[in-house]
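Hi,

Here is the structure I said I would pass on.

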Amino acid sequence: MGNVTATRPLQPWTAPTASDPVSASLRLPGSKSMTNRALVLSALATGPSTLSRPLRARDTELMAAALRAMGAHVSIADDERWLVRPHRLFGPAHVDVGLAGTIMRFVPPVAGLADGQVTLDGDPHARTRPLGPLIEALRSLGVRVDTPPSGSLPLVVLGAGRVTGGEVVIDASASSQLVSGLLLAAPRFDRGLVVRHVGPPVPSAPHLRMTVQMLRAAGAAVDDSTPDVWAVEPGPLTGRSWEIEPDLSGAVPFFAAAMVTGGEVTLRGWPARGSAQPVERLRALLQQMGATVALTTEGLAVRGTGPVKGLRANLSDVSELTPALTALAMLADSPSVFTGVSHIRGHETDRLAALAREFTGLGADITESADGLEIRPRPLHGGVFRTYHDHRMAHAAAVTGLVVPGVELDDVSCTSKTMPEFPALWSALVTGKS
């Protein structure tokens with residue numbers, strides 16, 4: 001059912017080691033989360049939209065291609081300004097989700113609004129990522145979705161050109177994207193949508209707040225005043241200009257570089273106020289680990305002030321940061337304990353198992369728990385660090401390699417998922433040529 005994306009050739013890469021404190025002022029690519037949400041909202045709007053400084057990477061190019069396959073006009077020829085002109089959605093269409101959770105969870109509700117058949121499939125590991133609750137929610141709304149017995153990819157949405165809407169109950173404890181995907185399409189449903197989450201807490205709450213904030217910016221009426229309930233009124237979405245912020249998750253390895261080398265890194269282009277990303281939570285975590293974090297006229301600046309400090313923290317709301325924070329914790333002066341992130345076992349790889357396995361291979365004392373990691377710092381040595389096609393694993397290895405010579409990533413090309421420039425930016429950071 002559709003073609004599975006071919007496995008990329010592995011590109012081994014020895015992480016550069018820093019001999020001096022790093023000092024850099026960087027402008028990093030835009031937020032993947034904001035770019036893909038803006039693409040979806042723009043494709044469902046009543047008029048054209050532009051995305052300024054969007055992220056150009058595998059995940060966002062696949063999202064643009066998905067919407068284009070269903071009839072939207074999406075021009076991404078200009079790196080600085082993408083243009084989206086909405087159009088009637090229709091099939092047949094084939095969507096390659098790659099390994100992107102945002103595509104496999106945001107596109108099916110949109111496909112329900114299309115007139116015709118939309119097939120979704122992706123990389124082999126994509127077939128293991130949680131989709132069942134979303135599929136059942138769509139079926140309860142009257143959308144026909146055909147899946148294999150596993151209830152995962154590949155799947156076929158047989159759209160009728162409209163979705164009645166109403167109310168759904170969903171267990172979104174595996175991913176906040178299960179809720180976001182429904183909410184983004186909900187204004188176009190005939191009766192709107194009320195989503196009720198029942199189950200363990202929804203992880204990555206800041207991403208849900210981003211979804212609500214962007215829906216409102218596009219003209220949708222959203223009530224999220226009741227915990228675990230989101231109500232979206234039916235109505236048109238307005239085409240608009242989206243200013244895409246630099247990607248905060250992608251910046252964390254660079255901030256970690258400042259901390260482990262006693263240097264300073266400034267992320268240029270950071271909004272002076274009203275960020276849709278969890279910057280205050282990140283600031284608190286990095287400060288607890290010994291950094292100073294300041295919003296200056298130039299951007300968001302992080303400076304290492306001495307030894308990295310161990311950290312005990314529930315990272316449920318910022319789980320994307322777990323790999324980079326684990327690398328920091330490996331180089332800290334005291335133990336760390338991370339909890340609340342059992343759901344990242346269902347990300348690009350089982351991140352908890354992968355982090356424990358690969359850092360153990362470098363000599364670490366790290367224990368994997370049901371929902372997190374326990375880290376007891378001790379001297380590390382070089383060796384091969386497998387990335388499992390996961391960009392965040394590559395980031396963790398790169399941070400470690402700043403201090404530990406001979407850390408070799410088995411595949412650095414996986415960073416193209418969200419930052420194709422990563423190897424070059426990282427090397428320039430270390431050599432002082434950024």
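This is a predicted model: local features need pLDDT of at least 70, side-chain atom pairs count only at pLDDT 80 or more; totals for chains, interfaces and linings use all residues.

Where they touch, domain 1 puts in 23 residues and domain 2 puts in 21.

About 1,800 Å² is buried between domain 1 and domain 2, with 54% of that coming from carbon and sulfur atoms. On the domain 1 side, the residues that lose the most area to domain 2 are Ala 276, Glu 348 and Lys 417, which together make up 28% of what that side buries.

Lys 417 turns up again in a salt bridge: its side chain meets that of Asp 59, at 2.8 Å from N to O. The count of salt bridges between domain 1 and domain 2 is one. Nine residue pairs are in polar contact across this interface. As for the make-up of the domain 1 side that touches domain 2, there are 12 polar, six charged and five nonpolar residues.

Then there is helix H12, residues 422-431. Its buried residues are Phe 422, Pro 423, Trp 426, Ala 428, Leu 429 and Val 430. They pack against strands E1 (13-14), E2 (23-26) and E15 (264-268), plus helices H7 (248-261) and H11 (391-401).

Cheers

Conventions:
Residues are numbered from 1 along each chain as its sequence is written. Side-chain values use heavy atoms; hydrogens and water are left out. Contact means heavy atoms within 4.5 Å. Buried area is the accessible area (1.4 Å probe) that two parts lose on being put together, summed over both. A salt bridge is a side-chain nitrogen of Lys or Arg within 4 Å of a carboxyl oxygen of Asp or Glu. A polar contact is a pair of N or O atoms within 3.5 Å; within protein, one must be able to donate a hydrogen and the other to accept it, and residues adjacent in sequence count only if both atoms are side-chain atoms. Ala, Val, Leu, Ile, Met, Phe, Trp, Tyr, Cys and Pro count as nonpolar, Asp, Glu, Lys and Arg as charged, and the others, Gly among them, as polar. Buried means under 20% relative accessible area, exposed over 50%, partly exposed in between (1.4 Å probe, protein chains only). Helices (H or I, at least four residues) and strands (E, at least two) are DSSP runs, numbered from the N terminus.
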